[in-house]
Amino acid sequence: MSPSTPPEAAQKLLAIPGPIPLSPNVQRTLGLAPQSHVSPEFVKIFLESLHMIREVVHTTSASTAFILAGSGTLGWDQVGANLIEKGDRALVLHTGYFGDGFKECLDTYGANVDLVKSELGGTVKIADVENALKNAKDVGKPYKIVTITHVDTSTGVLSDARAVAACVRQFSPETLVVLDAVCSLASEDVQMDAWGLDVVLSASQKGLGAPPGLSILIASQRAINLWEERLKRGVKSGSFYSSWEKWIPIMRAYDQNKPAYFGTPAVNLVRALHASLVEITRGPIPLATRLALHIHASDLVKKSAERLGMEQVACEPAGRAHGMTALYVPEGVSAADVLGGVARRGVIMAGGLVKEVKDRYIRVGHMGWSVVGDGGKDVSFVVRVLEEAVKEAVEKKRVTARL
Ligand SMILES: Cc1ncc(COP(=O)(O)O)c(C=O)c1O
């Protein structure tokens, strides 16, 4: 078998909910020759990245930030391995496929997991969260953690993290609030300190505008205290690679401008992330404006879909993400036809992920450089191509019906 080299595939515009297109500067930085991970130059890049990621989640009080080689899933794993002990109770708020994933991860570390599930496309009701928290307290076994998927990438549902965190603080103050911000960071507002979040976990390849391959996690002092208290009792992390016993000294060394080693950092990815974080936190478009641009781009896509008669999977107007949109294809049209039509026009969109409706919808990403770069020309192109492809698929259906 000869290796495949599909240059034309690589040139298509990625409009999936991550990975996303890179800014020219991030792309160039990625291609630089690797640096030594213990060189003063790289240590400075790492330190600055740890500082800038705190700015993106709006924290000045968080204890420790982690940037590790691995995907977003590694954030779940860090939570399971370092904050969960066998038999601990966890409450997972489920708004799609990624809630199942987080639950499965916590199960692996012996957690006793309850799910509060939304209707397909809806958000979890705060009253249901409140009830679950009260019931757990009433039986004397409060939840150790509550997890929220900020944007579930399978449905495009945006959860109200601030309201959930406030509910947890009120009815179960000892419970840690963990936010899966893989599909939301830098495309939705995340206020770690103001909302009282204990863990924010994310990944490099979506709103943060870098290639896939980095797990990003910021832990509050409360989260670190809980891990320390467990360590004092002699209970170690349930994992080797995810172990905070291993990584906290490394992250703290970098934070103090000193090199340290546990596993070799992904130096090129960290440099690319650094370049993107500089754009996000120090670039000509401030973070607040970036978020406003995401809302604008999201409106363009969603309004165009409405004109085409496509319904959104996310059914509550306030519960719709701004960095992606999940859209049912028109009745009688196949998702594969629409995806094929946009691909022929040079755009890659994603198929469905939720089992029950998998073949009935598509997912469109509009994050990061696609939104803020070149005056948002990518998003205009995506909207035009979607309109053409859907009209073509509807026409094909009409012709086939007549035959
Ligand atoms: C909300 C959410 N959580 C977790 C993950 C897992 O991240 P990764 O695929 O980078 O491991 C994803 C991936 O898309 C996601 O969208």
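This is a short tour of the structure above, stop by stop.

Before you start, note that this is a predicted model, in which local features need pLDDT of at least 70 and side-chain atom pairs count only at pLDDT 80 or more, while totals for chains, interfaces and linings use all residues. Residues are numbered from 1 along each chain as its sequence is written, and side-chain values use heavy atoms, with hydrogens and water left out.

**Stop 1: the annotated domain**

Select residues 35–352, where UniProt, in an unreviewed entry, places "domain: Aminotransferase class V". UniProt positions follow the numbering used here, feature names are shortened, and annotations may be inferred rather than shown by experiment. Color by secondary structure: this stretch is 44% helix and 16% strand. Helices (H or I, at least four residues) and strands (E, at least two) are DSSP runs, numbered from the N terminus. The end C-alpha atoms of the stretch are 39 Å apart.

**Stop 2: the ligand**

Which atom of Gly72 lies 2.8 Å from an oxygen atom of the ligand? It is a backbone N or O atom. Asp180 places a polar side-chain atom 2.7 Å from a ligand nitrogen atom, and Lys206 has one 2.9 Å from a ligand oxygen atom. The ligand taken alone exposes 380 Å², and the protein buries 87% of that. These areas come from the Shrake-Rupley method with a 1.4 Å probe; for residues, only the protein chains shown count as cover.

**Stop 3: Lys206**

Stay with Lys206, in the loop between β9 (199–203) and β10 (214–219). The unreviewed UniProt entry annotates Lys206 as "modified residue: N6-(pyridoxal phosphate)lysine". Is Lys206 buried or exposed? Lys206 is buried, because its relative accessible area is 8%. Buried means under 20% relative accessible area, exposed over 50%, and partly exposed in between (1.4 Å probe, protein chains only).

**Stop 4: Arg363**

Next, select Arg363 in strand β14 (residues 361–365). UniProt lists Arg363 under "binding site", again in an unreviewed entry. Arg363 counts as buried, at 10% relative accessibility.

**Stop 5**

How many disulfides does the structure hold? The number is 0, where a disulfide is a pair of cysteine sulfur atoms within 2.5 Å. The sulfur of Cys183 is 17 Å from the closest cysteine sulfur, that of Cys315, so a bond is out of reach. Cys183 is buried at 2% relative accessibility, whereas Cys315 is partly exposed at 44%.

**Stop 5: backbone details**

Most residues other than glycine have a negative phi, and most peptide bonds are trans. Go to Gly18 and Pro19: the peptide bond between them is cis, with omega near 0 degrees. Pro19 sits in the loop between β1 (13–14) and α2 (24–30).

Then visit His58, whose phi is positive, near 55 degrees. His58 lies in the loop between α3 (40–56) and β2 (64–69). Finish at Asp374, which has a positive phi of about 45 degrees. The place of Asp374 is the loop between α14 (369–372) and α15 (377–402), and Asp374 counts as exposed at 52% relative accessibility.

Conventions. Polar contact = N/O pair within 3.5 Å; in protein donor to acceptor, adjacent residues only side chain to side chain.
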